[in-house]
Amino acid sequence: MYKNIREEELKNKVGYNWFKNFDTTEIIGNIDFTVFAKQDNLFGRTPLLWAEAKTGNFDVTTMFVQLVLTIGKARTFDKTLPPAFLGAFDFKKIAFVPYISIQDIFYLNDFNWNVTPSNHDTKEFKLIKDRIQATLKSNSYVYDYQKDEKDLKAFIANNIANATETSKIKIDKNNFIPIYLRWLEIVKPSIDVNWDELKKANILDSDFYLADLFVDDKDTNKIDDDISIRDSLFVVFQNQGYKIAKENIKQMFDATINLKNKETYLQFWKRYKRPPLKQFQDYIIERRDLLVPQDIRERKGAFFTPRQWVELSQKYLTNYLGENWQDENYIWDCAGGTGNLLAGLRNKYNIYASTLDQADINVIHERIDHGANLLKNHVFQFDFLNDDFSKLPQSLQDIINDVEKRKKLIIYINPPYAEATSSKTVTGTGENKAGVTTNFKINDILKPKIGAATNEIFALFMAVIYEKIPGCILGQFSKLKFVNGSNFKNFKDFFLAEYVSGFIVPAETFDNVKGKFPIGFTVWNTSKKNKINTISTDIYDKNGNFSGVKYFYGDLTNSINKWIKNFKDISSNQKIGYLPSPAPDFQNQTFLFLTINEGTRHVYYLPITAKNLIETSLYFTARHCIEASWLNDRDQFLFPNEGWQNDIEFQNDCLAFTLFDGQNRITNTAGINHWIPFAEQEVNAKEKFASNFMTEFIKGKIKTENEKDLFGSSTTQNEQREFSAEATAVFDAGRELWKYYHSKPNVNVNASLYDIREYFQGRNEQGRMNAKSEDLKYMELISELRSKLNFLADKIKPKIYEYEFLKS
């Protein structure tokens, strides 16, 4: 049915022909095809299908094995809620299998998931094939698109559309505490009870949590057959409510304790498989002492790690070190604050925490008095960047001084993100923040080794850890600029370690962190000496939903700023404007705009002439046609390859984009406007323009002077510019806007796009241009121009990556 087409086209056709009532656009990791319901619920959308897609005619089992290896290698099942069904399809058929029928395959012990899923000759591929063949034979549903069309539609309507039996996260000894902390935030407020009265009777919220754990997926009590568990619970869940089971007080609370919001309760537990895994049930009951309300006080200005990211980071450590990692390793949070990063850890004898501020130590000690799972003599005041390690507790010194024990030491931190420079530093209106890093004695020692990276406190932490605790494992929250930042070249020559794994999340999810950029949790093994090259991180949105993989590059080529300097034109006397070149990443995009006169920022300004106008447009467009987001905020713009030189349509698209983008702030109030893209008669101008440079340039009538050689200088005639359909649509929309402006009385005939916007939108009391105008006709025209400009930007974007202005 779908012969002789590429895989992307196959996925599009299957999505349209069979799943048009669903959302098939979401990308999850390396999974080929996903199906979601279109409606969200309180905790996000429920995945219905993950599928492998193949062109050609493939064996069903082979396709499923490759899908299983793809999921297992990335541990996708552990990062987002798995679907109700797995699927596999090629050009002829499609097959489905309930996820729960093969989910145990992902929990195989001592299995090497780090193989290429598409390599069908590995022993791992054959092992998985042997394990799931029988299951597929009895549990899969296979349909031919043509022969079984009616049955396939019925299966999708009756099973995929109505799927509710999605797989759930299994509860074990490593995640039952983090799940409890999430339960406190989401479920506890829905329980209709007087907590103060219960506390007097020594009934805690953790007793209700345990009651929730020991039911099945239908909220049926599962403790009746297990006397030891039944006798250990003070509260049980039955008949959609809670009952106090503690013998000496249950008569005081005879009534059922109900839920105020049953939907919230159901949606929360929809994510987890209850009861806990059998082998961990006794352990969870025995260690109920770990389930104490954290009641963590956040000091003003502290960088408080959100609980969902604490839980996730500990999951990544478990994936790397194994389920017994907390018993087999030592953990030191040397930037501990009030200790919230350690919430969820269970072996207090292996945990150390230190912080600069004695007030934080007092908070943690107070928490220990109220049941926090830490030892007081393992929590101490210590200035990690200044103090000598001889001040550490002797037991921690013994670990650090022992080579083998040091390999078992995990430095688990969320250090401060403060840096010495700010936007005012580079604008010339401010100075470096005094004392941010220079107050640290270690700064003088490390400056020759890591250079400008000493401006970042988190980089100082990394460097000290690397130098003073060699061979340890580092798990840290931080910015990612130490991988791809332009100021970290020396740092990457110094910090040699094996990257293990990591994830990134929006910075705005952290309290007291401003800005839209990624914060990453990355794990490094410092006993292995590898230079930071390319790292891949899993992406999670603010709600904790896994949404793919992001690459960060440490081996970047020269920057786009070095490239643009090649086009400085010293032969022309006619300068039509200036192009600033701020730091080459998305976070500095607001400082990149065209002006008539040279600015005052501490950056290079390229004089724009006819000779370098196209290169100026490429630079401007590459940096503005892709919208800045938290995800790409630190991505670096690069010295491109030579492919753009022969792509005239791309060059012209970039010129059109530059002429009409909002960051073109050329204004006639600062000098002659050479940027009017239309002739006077096109827009019904009332007077002749002071300059027709741009229309002359577009028509190929501007001559440029070449550099002098032995035979003197020569001139080159530009060719007339031909624009694509998308670029032409932008010109058409712009022309209508110019016409409307020139229809008004007493307007500036030489107005630029920026001047036209100011005319209609005006400025507020602070002198800033208003976002909107009361002129409805103008708003219609400017909206149309922006719409056409967005279509043009979408056309340009793939070329930005093809010509390597950015790396994907």
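This is a predicted model: local features need pLDDT of at least 70, side-chain atom pairs count only at pLDDT 80 or more; totals for chains, interfaces and linings use all residues.
Sorted by class, the contact between helix 25 and helix 26 comes out as 8 nonpolar residues, with no polar and no charged ones.

As for how the two helices sit, a packed pair is described by the angle between the axes and the distance between them. Helix 25 (residues 725-742) packs on helix 26 (residues 753-761) at about 55 degrees, and their axes are 11 Å apart. That angle makes helix 25 oblique to helix 26. The crossing of helix 25 and helix 26 is left-handed.

Now to the aromatic rings. Searching the whole structure turns up 70 aromatic pairs. One of them joins F268 and Y272: the ring centres are 5.4 Å apart and the planes are at 50 degrees, so this pair counts as tilted. Both F268 and Y272 are buried.

Another pair brings together F477 and F521, again tilted, with 4.9 Å from centre to centre and 50 degrees between the planes. F477 belongs to strand 14 (residues 473-478) and F521 to strand 16 (residues 518-525), so the pair ties together parts that lie 44 residues apart in sequence. F477 is buried, with a relative accessible area of 0%, and F521 is likewise buried at 0%.

Ring pairs also build a cluster, linking F458, Y466, F482, F488, F491, F494, F495, Y499 and W524.

Terms used: Residues are numbered from 1 along each chain as its sequence is written. Side-chain values use heavy atoms; hydrogens and water are left out. Axes are lines fitted to C-alpha atoms, for helices over the stretch in contact, and angles run from 0 to 180 degrees between N-to-C directions. Helices (H or I, at least four residues) and strands (E, at least two) are DSSP runs, numbered from the N terminus. Angles under 35 degrees count as roughly parallel, over 145 as roughly antiparallel, 65 to 115 as roughly perpendicular and the rest as oblique. A crossing is left-handed if the near helix is turned anticlockwise from the far one by less than a right angle, and right-handed if clockwise. Ala, Val, Leu, Ile, Met, Phe, Trp, Tyr, Cys and Pro count as nonpolar, Asp, Glu, Lys and Arg as charged, and the others, Gly among them, as polar. Rings of Phe, Tyr and Trp (its six-membered ring) pair if their centres lie within 6.5 Å; planes under 30 degrees apart count as stacked, over 60 as edge-to-face and the rest as tilted. Buried means under 20% relative accessible area, exposed over 50%, partly exposed in between (1.4 Å probe, protein chains only).
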